[in-house]
Amino acid sequence: MSRNKSVKDYIRTIVDFPHEGIMFRDVTTLFADPRGFRMAIDQMLHPYAGERIDKVVGLEARGFILGGAIAHQLSVGFVPIRKKGKLPGTTISQDYKLEYGEAIVEIHDDAIQPGEKILVVDDLLATGGTAAAGIKLIERLGGEIVSCAFIIDLPELGGSKVLEEMGMDVHVLCEFEGL
């Protein structure tokens with residue numbers, strides 16, 4: 001039976017976390033299973049076979065896990081985009097809106113060179129706010145984004161549309177309905 005599993009089958013749903021009414025899509029069960037994790041990494045890489053990619057950018061925090069594995073497979077560098085105040089060197093920052101309030105993400109100001117081809121990765125695409133902020137940082141440094149890859153899309157929240165309206169190619173492995 002496990003031979004016929006899809007990536008989606010490895011992801012558990014936790015009801016009412018972190019708040020009532022939220023269906024939290026937990027990828028830690030996918031990461032913990034060697035077949036599931038390998039499947040996810042392979043499927044995230046597949047569309048980019050033969051494409052030039054210079055660096056993989058991972059969005060905090062689960063994007064670091066995926067981004068590191070993908071960068072390793074591609075034999076390219078990995079760059080983290082982190083929450084404000086977490087990177088030790090000189091950074092540039094970008095603010096973005098959350099459901100309630102705002103947040104700020106940062107990247108080292110020397111992490112990407114102009115013209116480098118970038119693959120952006122994270123586990124989940126919801127409203128697209130974090131990804132859009134990350135894209136803006138990469139573009140400010142002169143990086144050229146090849147694509148954005150996610151394990152999960154929550155289409156009702158509109159993140160794919162936000163990124164596509166920014167001119168981004170978006171690749172997702174599975175979708176879940178609801179919040």
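## Salt bridges and nonpolar cores

At a relative accessible area of 45%, R38 counts as partly exposed, a class that lies between buried (under 20% relative accessible area) and exposed (over 50%), as found with a 1.4 Å probe on protein chains only. The model is a predicted one, in which local features need pLDDT of at least 70 and side-chain atom pairs count only at pLDDT 80 or more, whereas totals for chains, interfaces and linings use all residues. Residues are numbered from 1 along each chain as its sequence is written, and side-chain values use heavy atoms, with hydrogens and water left out.

R38 has a partner in D42, which is also partly exposed, at 36%, and the side chains of these two residues meet in a salt bridge, that is, a side-chain nitrogen of Lys or Arg within 4 Å of a carboxyl oxygen of Asp or Glu. Both residues belong to helix α2 (residues 34-45), where they stand 4 residues apart, or about one helical turn; helices (H or I, at least four residues) and strands (E, at least two) are DSSP runs numbered from the N terminus.

The structure holds 9 salt bridges, and three of them are listed here.

| Pair | N to O distance |
|---|---|
| R38 and D42 | 3.5 Å |
| R12 and D26 | 2.6 Å |
| R62 and D123 | 2.6 Å |

The salt bridge between R62 and D123 links distant parts of the chain, with R62 in helix α3 (residues 62-74) and D123 in strand β7 (residues 117-125), 61 residues apart. In this pair R62 is partly exposed at 34%, while D123 is buried at 3%.

The bridge between R12 and D26 likewise links distant parts of the chain, from strand β1 (residues 12-15) to strand β2 (residues 23-26), across 14 residues. Here R12 is partly exposed, with a relative accessible area of 43%, and D26 is buried at 6%.

A nonpolar core is a set of buried Ala, Val, Leu, Ile, Met, Phe, Trp, Tyr and Cys residues joined through side-chain atoms within 4.5 Å. The largest such core has 28 residues, and those with the most contacts inside it include I11, L30 and I152. Two or more residues of this core come from each of α1 (28-32), α2, α3, β7, β8 (144-153) and β9 (170-175). Leaving aside residues up to four places away in sequence, I11 touches several residues, among them D26, L30, I151, I152 and F176, where contact means heavy atoms within 4.5 Å. Apart from this core lies another, of 27 residues, including I92, V105, A131 and A133.
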